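User: I would like to go through this model with some care, taking a sheet, a helix pair and the confidence values in turn. Could we begin once the structure is in view?

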Amino acid sequence: MYLYNLTLQRATAITHAVHGNFSGTKQQEIIISRGKSLELLRPDPNTGKVHTLLTVEIFGIIRSLMGFRLTGGTKDYIVVGSDSGRIVILEYIVAKNQFEKIHQETFGKSGCRRIVPGQYLAIDPKGRAVMTGAIEKQKLVYILNRDPEARLTISSPLEAHKSNTLVYHMVGVDVGYENPMFACLEIDYEEADSDPTGEAAQKTQQTLTFYELDLGVNHVVRKYSEPLEEHANFLVSVPGGNDGPSGVLICSENYLTYKNLGDQHDIRCPIPRRRNDLDDPERGMIFVCSATHKTKSMFFFLAQTEQGDIFKITLETDEDMVTEIKLKYFDTVPVATAMCVLKTGFLFVAAEFGNHFLYQIAHLGDDDDELEFSSAMPLEEGDTFFFAPRALRNLVLVDEMESLSPILSCRVADLAGEDTPQLYMLCGRGPRSSLRVLRHGLEVSEMAVSELPGNPNAVWTVKRRSDDEYDAYIIVSFVNATLVLSIGETVEEVTDSGFLGTTPTLSCAALSDDALVQVYPDGIRHICSDKRVNEWKAPGKKTIVKCAVNQRQVVIALSGGELVYFEMDPTGQLHEYKDRKRMNSDVVCMALANVAPGEQRSWFLAVGLADNTVRIISLDPSDCLSPRSMQALPVCAESLCIVEMGCTDRNPEDAAAASTTSTLYLNIGLQNGALLRTVLDPVSGDLTDTRTRYLGSRPVKLFRIRMQDSEAVLAMSSRSWLSYYYQSRFYLTPLSYESLEYASGFSSEQCPEGIVAISTNTLRILALEKLGAVFNQVSFPLEYTPRKFVIHPETSNLIMVETEHNAYTEDTKKQRRLQMAEEMREAAGEEEQELAKEMAEAFLNEDLPENIFSAPKAGHGMWASTMRIMDPVQGTTYKLKRLEQNEAAMSIALVKFHGQPEHQWFLIVGIAKDLQLNPRQCSTGFLDTYKVDMTCRELELVHRTPVDEVPYAVCSYNGRLLAGVGRMLRLYDLGKKKLLRKCENKHIPNLIVNIQAMGRRIFVADVQESVYMVRYKKHENQLIIFADDTHPRWITCTSVLDYDTVATADKFGNIAIVRLPPNTTDDVDEDPTGNKALWDRGLLNGASQKADTIATFHAGETVTWLQKATLIPGGWESLIYTTISGTVGVLVPFTSHEDHDFFQHLEMHMRSENPPLCGRDHLSFRSYYYPVKNVIDGDLCEQYNSLEPSKQKSIAADLERTPAEVSKKLEDIRTRYAF
């Protein structure tokens, strides 16, 4: 079995974010890392929308990311620390829209190792040097400079190693133009390591160490080191030189400290706490991330605590000496992994879990009544300041980037009855978690919907002048009339536009000299820019049946199949060509391309005829209306559309780009619901390279619109689809919207790239903002982290368990609040009773939504759980059942028991009481049995069965229940008072995390020893392990593919497919040798039969769900996986040796011609833990389309194909299984 890996939805979690001017213009951009890919985002300063300019997979793990700028430069470079053992400096090339590797210096082994640098990066703020450090021992400094041609140069590395030292964080200290200086948070473990009692480890203090790069003698010295009182977690560099006092801010537990070299005293300020917080009072408070904003006149820091509260930090100085730190509560946003303050006044928050946000900083919080805390205020040691969190005041939310991370579980199923399956995902953590329903399609935002006086049959938009930016009129055609609407603040009917209103319209367009043309059944109406009207009447009894119009040409087909061609002459008149052309059957549809800039005309006309052909007819004056080529179709064409697609936004001077710039495509919509895309040769008119997609059950109508400043095609069948070119790839994506009948492009101030469409009797103005997205999502909020769910087969309702560690249940929260209010009243003296009462009332009534202000942390070993029945389509919760405090729901299954009514489902929930995670222990476990009613809206508790360990996995098996209780595999049957234990197997070594059953076989996954194949023997009443795996695997999820094969995923990000050899027997009775008795006891290395690994692949992120399913109607089955970072991918099987051979060679060429950007070797990345086997990486193969044309040609030649054939192959395998 050979597989091909495809990513459908790239990771959505953000691990690092840096901002700067990477394109060299004044525009602010953000570069984010999503674990193993880099993405360049540009927030639009006018609309506040975040646009993705570029995404590139780097096939490695990004460990650190920084931007820097050489002194006096205008462009920022990116330096990346990854697991490649190399430091890489990238530059964003605007013309090619790609990252270019400027430097790649090898310094160590690959992989994320303790002593290989790359984990930390620190940049000298003036861009003169970069330090890269490992977690332990090694630090290297590279000097950055320019050569005479102003290119960036990098020195050989200077070492600053110190053995027995662990590093927590490092930053570049801003010292102006003095020798570059770096500050590191370190700890020396030498004494702790050699002391067996463990006392030294308790006493060891962290140190703050300054390293100076002496540019004169070209080496690095440890300048100064001092021990720290609290345990610090990160450093913030303070602006220096002419901009500020220099030095660093140390963020540690409960305190913020300012330190600098020289005579400066340490300035300490406690981190403020929330007033009346329900958190465990012993718990310390830390800052988790920060952002610095610096202008010529001032600077400030925004630092965020682990509850999400942001503080604005400023420093008061007296002649370069810092005298006090001031903190002021700013606002509360979700906890972030990185924050960026942009010069355009935006704050970008890359959330730790859940959606990411872009806020506008409306106020700097200087002049409000919020308390300002200062290090100068007198406080007892151990005391702190208190503040009250509130809704946003200084920030305004302007954009939200949807993120699936973390996906905890998923199912692919068509529960909404839409033909195409949906993906139901459990996402998020804590109060910000959600159930998300993903559908394949582009999200459509409705700008306006208005009723029309009847059912229209067509709609167009035209500009008043050809160089106008926005459209002026919307023309709507009815069966017997035409309505003209003008576009302004509102859309109103106009009568003086020159259009004929008493007839239906076949087409309207704006011509190139500011004139308009209207084609109607009886003639053509040419409206000049000065409102003069020229009419051309159809001859005799003939009427116009079809037409095609562009800026300078009009072609009409009269009834009977006669073509008449008009071209605009230099005076602006439409001039009829002397001959007319008779076609030998009726004309069904026609299309012209747009006139290219600087050309007089479009050279070809495409005509679809009733004899199931499409013909290309020349409009060249030398052989006008003579046929050039034809294509036979399986059925009659419904509509045609010629568009120019490809890299049309490249600059014309770039010759390399010009050779591939754009291609003319003829799109043919067929009456059977299929869409054909064919390349139209711009010189000869030949049609080549046809690709087909099935769109829906109705005939396909095609419309040319503009998206991202290039042409795109809107295709309408029973669903509407958009075919567009985005980031060097073609997309054909359905719109997630009701079906439409006719459409046209639309452009106005509010909506520069929209669509105006009609559906029954309404006119709709739509906008598509999230191009490049594969899925659109609907999100339903949940209360705690969702863990597992099952689908009730009859009603399609979801039953899920949500379990939160370190949390209080609602009841406990209420009790704690009442208790704290009581303490407030008691603590008050006689005089303050009234005030205390008011405060207690206010405290009990305040309602801070936890999805913004985070849930209180209850401490380790505290658990809260709920069970929920939910309608997945509407998102209605039918039943919410809360468990007691410290009961953690771990597993869930629907079972039909023997001897119970045929239709009766039972829900089994595995629960752990007082679970402690490390070391793993619980006071007791339970298996709760509930009766599920017919409508699946009620649960009735039948009984609770105590067990001695954590029931991590439950599964239905032939009318009984299989449960993994700790490391015991048990078979239960339903009893009157509790579940009755029938049989157990004690030979699984550690902990059962997953049980799947198929037929008689049971596949049991151990937490670290891979999968065991078990068979239940009825006569002996035994569960016998008859086969196991040869490799240890730390299983996260499994999926049974067939009776012999199981797909597994482990916590290190590997996917493996394990198959029993053909001669395996699960009937282990025949035992003439008497060995059975031996291996039943688990001796001699487990079972006697071993499974074979038939495919392994490193996905790079922890996989949380595997499922075999079909993603598109009429498609083939593939293995779908989701990861904790929000990736959705598929592994699809090859069906022919020829295909496999082709892709294997393509992958080999891509590895050598296009090595990954950050210096990691692709083969060794995909073989991180086990050698990659029988899986070809489609993500690498698909980078073929973004190579430069010369490389594309040479690879294609080696494969004995043309570049078009290679990219067709890539597209075919994608569309056969997925999108």
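This is a predicted model: local features need pLDDT of at least 70, side-chain atom pairs count only at pLDDT 80 or more; totals for chains, interfaces and linings use all residues.

User: Which residue in β80 does glutamine 996 stand opposite?

Analyst: Strand β80 spans residues 1001–1006 and pairs with β79 in the antiparallel sense over six bridges. The residue in β80 that stands opposite glutamine 996 is phenylalanine 1003.

User: Are α8 and α12 oblique or roughly parallel to each other?

Analyst: Helix α8 (residues 1137–1153) and helix α12 (residues 1203–1217) pack with their axes 12 Å apart, at an angle of about 120 degrees. Angles of 65 to 115 degrees count as roughly perpendicular and those over 145 as roughly antiparallel. The two helices, α8 and α12, are therefore oblique.

User: How many charged residues does the contact of α8 with α12 have?

Analyst: On the α8 side the contact is made by Asp1139, Phe1142, Phe1143 and Leu1146, and on the α12 side by Val1206, Lys1209, Leu1210, Ile1213 and Arg1216. By class, six of these residues are nonpolar and none is polar, while the number of charged residues is three.

User: Over which residues is the pLDDT below 50?

Analyst: The chain has a mean pLDDT of 92, and 97% of its residues reach 70 or more. One stretch, with eleven contacts in the model beyond near neighbours in sequence, has a pLDDT below 50, namely residues 648–660.

Notes. Residues are numbered from 1 along each chain as its sequence is written. Side-chain values use heavy atoms; hydrogens and water are left out. Axes are lines fitted to C-alpha atoms, for helices over the stretch in contact, and angles run from 0 to 180 degrees between N-to-C directions. Helices (H or I, at least four residues) and strands (E, at least two) are DSSP runs, numbered from the N terminus. Angles under 35 degrees count as roughly parallel, over 145 as roughly antiparallel, 65 to 115 as roughly perpendicular and the rest as oblique. Contact means heavy atoms within 4.5 Å. Ala, Val, Leu, Ile, Met, Phe, Trp, Tyr, Cys and Pro count as nonpolar, Asp, Glu, Lys and Arg as charged, and the others, Gly among them, as polar. Two strands pair if DSSP finds at least two bridges between them. pLDDT is the predictor's confidence in each residue, from 0 to 100.
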